[in-house]
Amino acid sequence: MPINVESLRKILELECKKGYADSAVIGGLDKFLRHWAGQAVESITAPQLLNRFNKLHLVDSNYASLTNEQRREWVNSLLDFLAEAAPGAGKGVEAKLIPITRRASPIPRANRTVSNQSIDSPITVVKGISSSLATRFNKLGVTTIRDLLYFFPHRHLDYSQRKPIAQLTEGSEETIVANVWQAQEIRLGGRRSTEAIVGDESGNVRVVWFNNPYLAKNLATNTRLVISGRVSLFKGRHVFESPEWERVEDKEFIHAGRLVPLYPLTQGLRPRQVRKLMKAVIDQWAWQVSDFLPSELRERQKLLELAQAISQAHFPEDERLKDRARIRLAFDELFLLQLGVLSKKRHWQESQPGSPLSIKTAVLAAFIQSLPFELTPAQHRVLKEVLADLGRQQPMSRLLQGEVGSGKTVVALAALLMAAANGYQGAFMAPTEILAEQHFATIHQLLSRAGHLAGKEDYRYSYAGLLAQPLSVAMLIGDVTQKRKRELQQGILDGKIDIIIGTHALIQGEVEFHQLGLAVVDEQHRFGVAQRSALRQKGYNPHVLVMTATPIPRTLALTLYGDLDLSVIDQLPPGRQEIKTKWLRPEQRDSAYAFIKRQVAEGRQAFIVCPLIEESEAIQARAAIAEYERLSQEVFPELRLGLLHGRMPATEKDKIMRHFRAGELNILVATPVVEVGIDVPNATVMLVDSADRFGLSQLHQFRGRVGRGQEQSYCMLLAQNPSQVARERLDVIERTQNGFELAEEDLKLRGPGEFFGTRQSGLPDLRMAKLSDVALLELARNEAIRLFEKDKGLEEPEHQPLAKELARVWPEAGEWS
């Protein structure tokens, strides 16, 4: 039956001419609308069209209570809807499934204002959410209305395209609109269930709901339903098994006949229950969220308004609007994140001026001349960037990325020499004591060539011939006796020690500096905002150079470390050996063990990395112990093995590593703690068990533990049962030695979780944004920089909502309100 849109269109046009006085029909427009809508709803069979029709609330319209302006807006939106829903209006066109690009606004509801409550109210103010239900939502991190609005579905089922029953396909997710011919309780597999026969103009189909006998009573004959779900074949006939269903009434669909949201659940929350609650919350509250993006930015980037984006992210009208909603919400997250990191950088640099250092070219030239190798062009470029920063009034905030062996330490030492030459102290911090010792040894070798050793005490050396006065370098670690520690601390306080090497404990506790000018931090992701604040609280505002050997794609680095300028040493010194890499299948395990035995027989050492079986560190440690015992007793009974895992005390770890470095152990069995920085030149084999469980960047880090000496090194990757993606990863690492190429590849294959989750890095959670979405990330960063240049403190009136939102999302980013 065709929808008669022509009569309604004529009345609406007359209403416009009469100045929206509600006089186009006798008795008022509301009465006419209710009568017209009651007939029209029976004629519409297409779910999408019915959905939009229901949103207009024509059956319970309240046109008479609207203001003149609201009436004008609403009449125009309804005319638009009629023109699009039936383009041949007046010719009795049958209503089909027509994609409608413009959204028809519902009549503004009289009861939409919520008194005394805001979107930060607890969820118990929502009708239908009891305190026990609220407890279940709390487990999912949802405590306020705002949390509910941002409690996005993890995906949508597309139930929006209706099919006639005669055209149903087995195995597909389908949607039908049909009448119930009969419904009854039956027993299926011993369980009480409901069976219904439903039909449309093209035929009938059987529907069963397992374990749900109560439904039979609710489905009266001739009830009109929209049914969405998977179609099966039973005894040669189509059947819907436990599909979603909804009555066709004058309301918007929630569970069927549309793009249906699937929400994260916990025990005690059911899908239909959560969807129904979420629909009510979105309808009542989404429009109360104020849009904090400046309108000029929103229009320039053609982004949806925030309220519409939230609504469409939950209950989208179509795929296009769902995608536009995701883009708007993801942009918000990345934009706020970029503003936050830019603000941290500004706060760090401007709230307390740094100490500009003059570059002593003679000292620098003598140091570079004394090196036993030529600096690579990349090292020269990065050194220039670092020295330029040191000469500025603002303290340096720079991240130096470079692979293991690319020569980051030389660049850092050149910067530390400049600090000492200007009368300032430098601190060099490593994540572990064993790495601090490695750096102390490396720096000692380099300085002994540049000058000559003029004094040697426990944990403190001095060098003459480099600066006008002897240069004093000390190391503070746990092994130092209390008495010696106090002496070194006094030397640091008096300014008699120029360069101090240690762990991050250097900036905590009793260590006080005379005049700290530069802090070099190895492995940035272990040195966060809190540590930097600790330096500030001691009254220091040094230049900060943070270094990492983890290759991070540029976009990810700009996000995770957007408060730092970025320098990359992207080439290795010439002659650096290639580590032969091969991935092996389970049946090749014995030949891998045999290869390790041959290498050990030639005087080499090997690492074996245990599989990452469990998230839990305790279970992982137990698995590592069991594997260590198996290898010691069954595979390598004649060799000396050591074990390293995350649950060991730091002193125990250091002890094992020292034994391994000294050659007292042939093989080191380890959980993934072996990843960072350990330097054992005699180790030539890295065997990674269950390599398909690791990401490319992590595998590359493991591989970097070998190949430190002169001998050819090997990396063997044992894969248990690799998926297609894991096989691609293993193929990539077999043929690629460049860590940055691998990191980019990893981001494509696996997403950003591989690098560091946002939780670990102290950044706000990302719900919609993917860090692999490079284009959106760049866009958000460029817009943040543009805004920052215009109004750094977000003080202009149009930026006040943004300042408020930033302070809410990321309070530690700076002063915003």
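Me: Which exposed residues sit on the face of α19 turned away from its buried side?
Reply: In this predicted model, the face of α19 turned away from the buried side carries the exposed residues D590 and A601.

Me: And which residues of α19 are buried, and how are they arranged around the axis?
Reply: The buried residues of α19 are R589, A592, Y593, F595, I596, Q599 and V600. Looking down the axis of α19, these buried residues fall within an arc of 155 degrees, so they line one face of the helix.

Me: How many residues does α19 have, and what comes just after the helix?
Reply: Helix α19 covers residues 589-601, which is 13 residues, and reaches 19 Å from its first C-alpha to its last, close to the 18 Å expected at 1.5 Å a residue. Just after α19 comes G603, which takes a positive phi of about 95 degrees.

Me: Switching to α16, which of its residues are buried, and which are exposed on the face turned away from them?
Reply: R484, K485, L488, Q489, G491 and I492 are the buried residues of α16, and they cover an arc of only 155 degrees around the axis, which puts them on the same side of the helix. The face of α16 turned away from that buried side carries the exposed residues Q482, K483 and R486.

Me: What do the buried residues of α16 pack against?
Reply: The buried residues of α16 pack against the strands β10 (425-430), β11 (452-457), β12 (460-464), β13 (471-476) and β14 (499-503). The helix lies across these strands, running at about 135 degrees to β13.

Me: What is the strand order in the open sheet, and which strands are at the edges?
Reply: The open sheet has 9 strands with mixed pairing, in the order β11-β12-β13-β14-β10-β15-β16-β9-β17. Its edge strands are β11 and β17 (565-569), each of which pairs on one side only. On average, neighbouring strands of this sheet are turned by 20 degrees against each other, direction ignored.

Me: In what sense do β9 and β16 pair?
Reply: Strand β9 (residues 397-402) and strand β16 (residues 543-548) pair in the parallel sense over 5 bridges, and the bridge partner of S397 in β16 is V544.

Me: Which residues does L390 touch?
Reply: Not counting residues up to four places away in sequence, L390 touches S355, P356, L357, M396, A415, M418, L518 and H543.

Me: Last topic: is β3 largely enclosed or open, and what does the strand pair with?
Reply: Strand β3 (residues 191-200) has 7 of its 10 residues buried, so the strand is largely enclosed by the rest of the structure. Strand β2 (residues 173-188) runs antiparallel to β3 and is joined to it by 9 bridges, with Q184 standing opposite E195 in β3. Strand β4 (residues 203-209) is also antiparallel to β3, through 7 bridges, and the bridge partner of I197 in β4 is R206.

Me: What links these strands?
Reply: β2 and β3 form a hairpin with 2 residues between them, and G189 in the turn has a positive phi of about 60 degrees. A hairpin also joins β3 to β4, through 2 residues.

Note on methods. Residues numbered from 1 in each chain as written. Predicted model: local features only at pLDDT ≥ 70, side-chain atom pairs only at ≥ 80, totals over all residues. Heavy atoms only, no water. Helix = DSSP H or I, 4+ residues; strand = E, 2+ residues; numbered from the N terminus. Expected span 1.5 Å × (residues − 1). Buried < 20%, exposed > 50% of the residue type's maximum accessible area, 1.4 Å probe, protein only. Arc of directions from axis to C-beta. Pairing = 2+ DSSP bridges. Contact = heavy atoms within 4.5 Å. Axes fitted to C-alpha atoms, helices over the stretch in contact; angles between N-to-C directions.
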